[in-house]
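Have the sequence and the 3D view open as you read.

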Amino acid sequence: MIIFVLYLRGVLTINYNTFQMSKRDDLIEKYAADIKDKFGESADMDLLKKVTVGLGPSIYNIDASKVSGTDQKELDTVKNNYLIKKLGLADDSKLDDAIKTVMDKYGSSNRNKYRAVIYYKLCQHFKKASVYNK
């Protein structure tokens, strides 16, 4: 806890400011740690934050915040809703290959594959960070 004391014109004001991270910031830090742990690289925090914010409230839902690497319906959602609609990529086999590559690197034994991390890695793979600069 940080305490600021202001003395002005005979009035003593004490302001108790605690610098707590928001829940979203906590999740972004968790995703960055996951990228470091699973992919062996430091995250581009600016891009990771933009991708996470772009996911909206789904990051707070336990089920929606993760992607099952074995559920074809979920993989199709990643392909259609993110790669095609959000990133504007054409539907071809390169999209499926990229998703498979990211899922393989994330690890088949890893049950917690965060949607934000997968979207971040796919955005990097296709060099589409500019989509978030609008």
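Aspartate 104 pairs with lysine 100 in a salt bridge whose closest N and O atoms are 2.9 Å apart; a salt bridge here is a side-chain nitrogen of Lys or Arg within 4 Å of a carboxyl oxygen of Asp or Glu. Because the two residues are four apart in helix H4, about one helical turn separates them. Lysine 100 is exposed, at 51% relative accessible area. The term exposed means over 50% relative accessible area, buried means under 20%, and partly exposed lies in between (1.4 Å probe, protein chains only).

A word on the model: it is predicted, so local features need pLDDT of at least 70 and side-chain atom pairs count only at pLDDT 80 or more, while totals for chains, interfaces and linings use all residues. Residues are numbered from 1 along each chain as its sequence is written, and side-chain values use heavy atoms, with hydrogens and water left out. Helices (H or I, at least four residues) and strands (E, at least two) are DSSP runs, numbered from the N terminus.

| Pair | Closest N to O distance |
|---|---|
| Aspartate 104 and lysine 100 | 2.9 Å |
| Aspartate 37 and lysine 38 | 2.9 Å |

Aspartate 37 is exposed at 57% relative accessibility, whereas lysine 38 is partly exposed at 28%.

What does the pair of glutamate 41 and lysine 121 tie together? Glutamate 41 sits in the loop between H1 and H2 and lysine 121 in helix H5, so the bridge joins parts that are 80 residues apart in sequence. Glutamate 41 is partly exposed, at 25%, but lysine 121 is buried, at 13%.

The largest nonpolar core has 36 residues, and Tyr31, Leu48, Tyr82, Leu83, Ile118 and Leu122 have the most contacts inside it. Such a core is a set of buried Ala, Val, Leu, Ile, Met, Phe, Trp, Tyr and Cys residues joined through side-chain atoms within 4.5 Å. Helices H1 (23-39), H2 (45-54), H3 (72-86), H4 (93-106) and H5 (115-125) each give two or more residues, and H5 gives the most, with seven. Tyrosine 31 touches Leu48, Thr52, Ile59, Tyr114, Ala116 and Val117, leaving aside residues up to four places away in sequence; contact means heavy atoms within 4.5 Å.
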